[in-house]
Amino acid sequence: MKKKIIASILIIIFLTGGLWFLQRLLMPKYQGKIVEGAMIEEYYKETEGHDVLFIGDCEVYENFSTMTLWEEYGITSYIRGSSQQLIWQSYYLLEETLKYEKPKVVVFNVLSLKYNKPQKEAYNRMTLDGMKWSMSKVNDIKASMTEEEDFIDYVFPILRYHSRWQELTSDDFKFLFEKEPVTVNGYYLRTDIMPQGEFPDPMPLDDYSFGENAMMYLDKMTALCKDEGIELILIKAPIEYPYWYPEWDEQVSSYAEENGLTYINMIPLSEEIGLDMSHDTYDAGLHLNVYGAEKLASYFGQYIVDNYGLEDHRNDPKYTKIYEEKIKLYNKMIEEMNNITEEE
Amino acid sequence: MNMQQRNVMEYLDKTVLQYPDKVAFSNGDIKSDLTFAELYKSSRAIGSLLSIRGYYAEPVVVFMKKHPNAVSAFFGCVYGGCYYVPIDEEMPKFRTELILQTLKPRVMICDEETAELSRGMDYDGEVILYDEAIKTAIDDQRLGKIRDEQIDTDPIYIVFTSGSTGIPKGVVACHRSVIDYIENLSEVLEFNHETRFANQTPLYFDACLKELYPTLKFGATTVIVPKQLFMFPVKLVEFLNEHKVNTVCWVVSALTMISSFKTFEKVKPEYLDNIAFGSEVFPIKQLNIWREALPNAGFTNLYGPTEATGMCCYFKVDREFDLDDTVPIGGPFRNTRILLLNEKNELCKDGEEGEICVVGTSLTMGYYKNFEKTREVFVQNPLNDLYPELIYRTGDIGKRNSRGELCFVSRKDYQIKHMGHRIELGEIEVNVNNIEGIRHCCCVYDKEKDKIRLFYSGDIETGEVITVLKDKLPRYMIPNKVEKLDRLPLTANGKIDRKKLASM
Amino acid sequence: MIFTSAGFIAAVIIPAVLYYLLPKKAQWPLLLIASIGFYFAADKRYLIFIFVTFLAAYICTILMGRIDLKTKAYIDSNKDKITKEQKKEVKGRAKTRKRIFLIIGLIIALGILCVTKYTNFVIDNINLLLKDGSKIREMNIIVPAAISYYTFQTCSYVIDVYRGKTTPQKNPFKLMLFVSFFPLLVQGPICRYDDLAPTLFGEHKLLEKNISTGLTRIIWGYFKKVVVANRIAPAVIALTGDTDTYKGTFVFVAMLFYAFDLYCDFTGGIDITIGISKVLGVDVKENFNLPYFSKNIKEYWNRWHISMGTWFTDYIFYPVSVCTPMLKLSKWSREHLGQKIGKRVTVYLASLLVWFTTGLWHGPAWNFIVWGLMNYVVIMASQELEPLYAKFHGKFKVKDKPLYGIFEIVRTILLMSMIRMFDCYRNVPLTFKMIGTMFTKVNLKIFSDGSLLGIGLTAADYIVLAVSFVIILTVSIIKNKRGHVISDNAFTLRYSLLALLLMGVIVFGAYGTGYDMTQFIYNQF
Amino acid sequence: MEELIKILKDLHPDVDFDTCETLIDDKILDSFDIVSVISEINEEFDVVIPAEEIIPENFNSAKALYALIKKIEDED
């Protein structure tokens, strides 16, 4: 009998261990050309909290250089963003992050207000798979799933990715347990340049008001920040496309006013920020490259320092060591990225 | 909209003064052309004859070849205060017999050939020969009196729809709903006196309203395309060019037939700049071929049931679509309201699917001699418990996309439950249609055997279709049978014949 | 509902855990609740159908039981007073009265089956004969899931009660459980009341042995279904859909693929059913006995879908062939047509009926009917050829050579697989034509020119299939030799292998949407 | 009994029906054989074996089958 119990335990360990291993192996690693799926989980490696927390989609994680904020103002910041991060995903990520730290300022990019419903499985996966388990994640999954998706596939991602056994590459083994950083404090940098081109004319819409569901999560976000005593800043990154309709802008403005929030639409501020869209973007104007992101961070940093009285941590021994490393990584990334760009 | 107008024939009365010698209806053969003056004269002659013989406010069967004269006979009935019921020699026999049984008409207008055929039918009323009828002396007084007595809720025509059960039901439409429809359709599609239509649908479907009445309203021209041309795409396009056709309102299959055979590599429509389509989902791949070939043309998706007088929604294609998108049906015409009702009879929330229901003047009167079926689908608006207000339940499932545009999802009966999953047959079709080499495809569900069956035609093997679908669809949505056919069977008005496929 | 849906798995695990936590008295009621829940989840309306079938069976059998009791009481109390003739008459009268309830019960149960499943088939066929104008329109009827199975199961119970073989179940809830027991509702088998009742209503302790055999069967079943059947099915669909392209040797490939597909799908499903039942302590009779090791078709039908075969034998073949008119016919034909033919008449006629109905039972289509009749022809032909075989074997003495055994097995598999192609093509003439091309348009090039990679299977798929084939074959051979695969005592070995197999099923199973890399490529913003 | 053995021997000359008690279990008699036997019994003994009596226990041995015949004769 005793033998059986021991054998049972060993077999259960073997089974769960095996499945866990296979799951890790089969999940996409997002370490090559597509890195957006690896961003969310990187946060858990942070050891210290941050003054400023950005949440939102690519309009934050590609446009604000967190290292510039540090170097110029001594602001510690982190961007919790992922591609096409929908507003409820931003909300739940904020909720989750607040369990780990308490920033002074939260910055939310409002573009995702335009989506009122779950969109695409691929983006859901990139945002959700990296999250640690918590009620926030459960609620996030429930809010994000498209009709075709199953909750169980999130609980056991192996069920979703099992057929990848046919496509495993050496990367899947190499990054099995340890992935390389793809961002610095959530900022994903690019050094290539592709000048802004012409954008198609904006399409007239039937209805310009944001969806109920999206607005509900904005309300929740506002309430959460209020409860926690955090300043919430709404921003719209200085990117002209996808088009940000004046009607949308008005709605956010009046919402901010009603709720006593700050809302900055940076599109008209482009010149003031010093952006040169023939140089500061890597994909013809959809996102900024590192040159643009540094300018934007520099501008925005000044703004929050002036208005929110953030402390300069550059001489704080708690941070100096950590950020020395981060800056090193940042410069290394720039260098590597430059090499790749040149090769191409 | 001209608020004074009570009768559709007022269009012709006015236009004949403006363009008496312009060709109104043609079938490509000059001898058959009808100018507005001829049309006016012949239809008033027929109207006079009907009235003299004592036919009034009753169905008149028009059993004629697809020919300009048939149109003149239709209008003759309306002048005479009767309503026309078009039938056609190509209609399946059981259908014509059923129609005659339902109507028990006293009079039928035929041409020489069809008069012959009518003898073999179970019909004992009077047969009026078209050629004889137009010789009747026009009795302006009679016709004037008839016009004065008519009100705009008097019927104009009855067309029979097949309905999902297969038993044809006669939809009765009146002046008011047709005028409402024609005014709003013309506004959306910007018809004018230079418009040259090519008619595709048989004259016994309501779809031909789109050409007939705007032609009268604007003094435009309609060319009736010989049916056999729809099997030869290159010849068809040449025909359009020859007749300088600039506007078509066709079913989707007729358009995809042209694009899927690579016709545009040989010949392109030179004058065509206004393309309206409907009745089926336009596969994006095919739509793109059209848009590429005719970059300056306007494309409009029309949607609507016969029960709401032809079309009730439209969408002007204004952007590129992803291959797995469907073209929205947009929003209603002016003076029509669309309600999306969910299963609990509440208005659908954002993105929720529900049945498309139509409210407004465009509603027809209902089904002829079938109060029971009429009551099933023409019902009291469930959102209104204060006064009577009819809505028509289309049986189509729709939803609003993130832009607020109405999208057709499927017929209620194409939503199936298979292996415990709710499946949209249309979704499978969308994915199949996007595969290179597919010409037409159609998915049907075999309930008795619980099997999804996919039929397609094109230059691609089933193996390849399956390989692609395996990547695109979850397992349970992969059809249980996939069969390649040389061509898919079509119904009389050119749509894919699902019922026939289901019984294969 | 199917075995591979997450819902099914959850709906099995939860009752299974509760089953052993609740007091033992609550075990069978729990199964009843779970079964009703299953139907409810599939489609609420199904419940009405199954309930009517159950109710008819319940009332009819209770009434039959009452007649039996009364008759017995009457005879017992009047033992000395009545003569043997009177006794016989009383019994005869009772039988006639019982027959009324039998017929009512069967008409209701089979009537629902026929109306839901076959109405449109009948209409279609009548319409073929009718002129255009008078065609009947098809009906819109829902077909309840598993109706063929539970109807047959219920009928067997009603007939057994009529025959006095089974005493009627007085507790309606227990009978409802017998009719609706959920593991059976996906694809059978058709259980007999006497086989199922003892363990179905019994109280069960949690036994390691039940769990281990149950789990083994379940995971093995999933392996066959998810890894093999699901993977190979698209290839079968592809190969049978495009009859212009896939003819000749492709038909042969399709035939083999379908043989493998169907075997894995069906036996896998039954393994899961039996396994789930076993975990619950309920013994469901085996439905397969390594059918592909059969040496002739008759043997094959004794080893494939056994529950269906015995049902047709017990409730159609025997009653029809030994009923009085049949016996009279047999006698008459022996006298008038000679011993040789006379002897065969009954068997031939009864078998014809059996195979016709077997075909029809599989589905409302001529394909299935012709499939049934083909089986009939082959079985009868081999019956007639038996003397010839005997002669052949007398002369050559190959019968006991192992190679000849393998020849017989392969022959049977090929023959059965060929007949089964009626299941795959659209209609009967097309099937004949395609089978014909298999012989006339041999094209062996398809094995080397890559055509087999264009039918929905990648090279990786072929490897998985080949490895699975070897595993299944090895397991079958071991089972055939020793009667079991892993001994009950090899605890560690069994569970280790099961763990491995489970991982294999999860990774190599063909389920869900394929992982389409391009879909995950960052393309918007 | 002898007539019965003869009927059975006609079908399977190589089987010893006097001793064999597993005619069904060992698949010596199949369903076709059973039907033949029943119709021959019907002629020879003028006894109708009803379908419900076709169970393995009644057909596993000649002895059991004979007992069945006797039982039915008795009831008649």
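This is a predicted model: local features need pLDDT of at least 70, side-chain atom pairs count only at pLDDT 80 or more; totals for chains, interfaces and linings use all residues.
**Entry 1: which chains touch**

I started with the chain pairs. Four pairs of chains touch, and the most contacts among them are between chains B and C. I then looked up the pairs without contact. No contact joins chain A and chain D. Their closest C-alpha atoms lie 38 Å apart. Chain B and chain D do not touch either. For that pair I noted 31 Å between the nearest C-alpha atoms.

**Entry 2: chain A against chain B**

Next I took the contact of chain A with chain B. On the chain A side, 10 residues take part, and they meet nine residues of chain B. I asked myself how the chain A side divides into nonpolar, polar and charged residues. I found five charged, three nonpolar and two polar residues there.

**Entry 3: chain B by itself**

I turned to the fold of chain B. I listed 16 helices and 26 strands. The radius of gyration is 23 Å, close to the 23 Å that the globule rule gives for 504 residues, so chain B is as compact as a globular protein of that length. I put a box around the C-alpha atoms along the principal axes and got roughly 70 × 60 × 45 Å. Of the 504 residues of chain B, 49% are buried. I also checked how far apart in sequence the contacts of chain B reach. Among those between residues at least 6 apart, 66% join residues at least 24 apart.

**Entry 4: chain C by itself**

I listed 19 helices and zero strands. The radius of gyration is 26 Å, close to the 24 Å that the globule rule gives for 525 residues, so chain C is also as compact as a globular protein of its length. The box for the C-alpha atoms of chain C, along the principal axes, is roughly 90 × 65 × 65 Å. Buried residues come to 39% of the 525 in chain C. For contacts in chain C between residues at least 6 apart in sequence, I noted that 75% join residues at least 24 apart.

**Entry 5: domains of chain C**

I then read the domain assignment of chain C. Domain 1 runs over 6-206. Domain 2 comes in two pieces, 207-284 + 428-525. Domain 3 covers 292-423. The centres of domain 1 and domain 2 of chain C, over C-alpha atoms, are 33 Å apart. Between these two domains, 16 residues of domain 1 contact 13 residues of domain 2. Which elements give two or more residues to the domain 1 side? They are α1 (6-21) and α7 (193-200) of chain C.

**Entry 6: α2 against α3 in chain C**

Last, I picked one helix pair. Helix α2 (residues 27-42) of chain C packs on helix α3 (residues 44-77) of chain C. The angle is about 130°, and the axes are 5 Å apart. That angle makes α2(C) oblique to α3(C). I looked up who makes the contact. From α2(C) come I36(C), Y39(C), F40(C) and A42(C). From α3(C) come K44(C), Y46(C), L47(C) and I50(C). I counted seven nonpolar residues in this contact, no polar ones and one charged.

How values were computed. Residues are numbered from 1 along each chain as its sequence is written. Chains are lettered from A and ligands numbered from 1 in the order in which they are written. Two residues are in contact if their C-beta atoms, placed from the backbone, lie within 7 Å. Ala, Val, Leu, Ile, Met, Phe, Trp, Tyr, Cys and Pro count as nonpolar, Asp, Glu, Lys and Arg as charged, and the others, Gly among them, as polar. Domain bounds come from an automatic or database domain assignment. Helices (H or I, at least four residues) and strands (E, at least two) are DSSP runs, numbered from the N terminus. The radius of gyration is taken over C-alpha atoms; the globule rule is 2.2 Å times the number of residues to the power 0.38. A residue is buried if 20 or more other C-beta atoms lie within 10 Å of its own, exposed if 12 or fewer, and partly exposed in between; C-beta atoms are placed from the backbone. Axes are lines fitted to C-alpha atoms, for helices over the stretch in contact, and angles run from 0 to 180 degrees between N-to-C directions. Angles under 35 degrees count as roughly parallel, over 145 as roughly antiparallel, 65 to 115 as roughly perpendicular and the rest as oblique.
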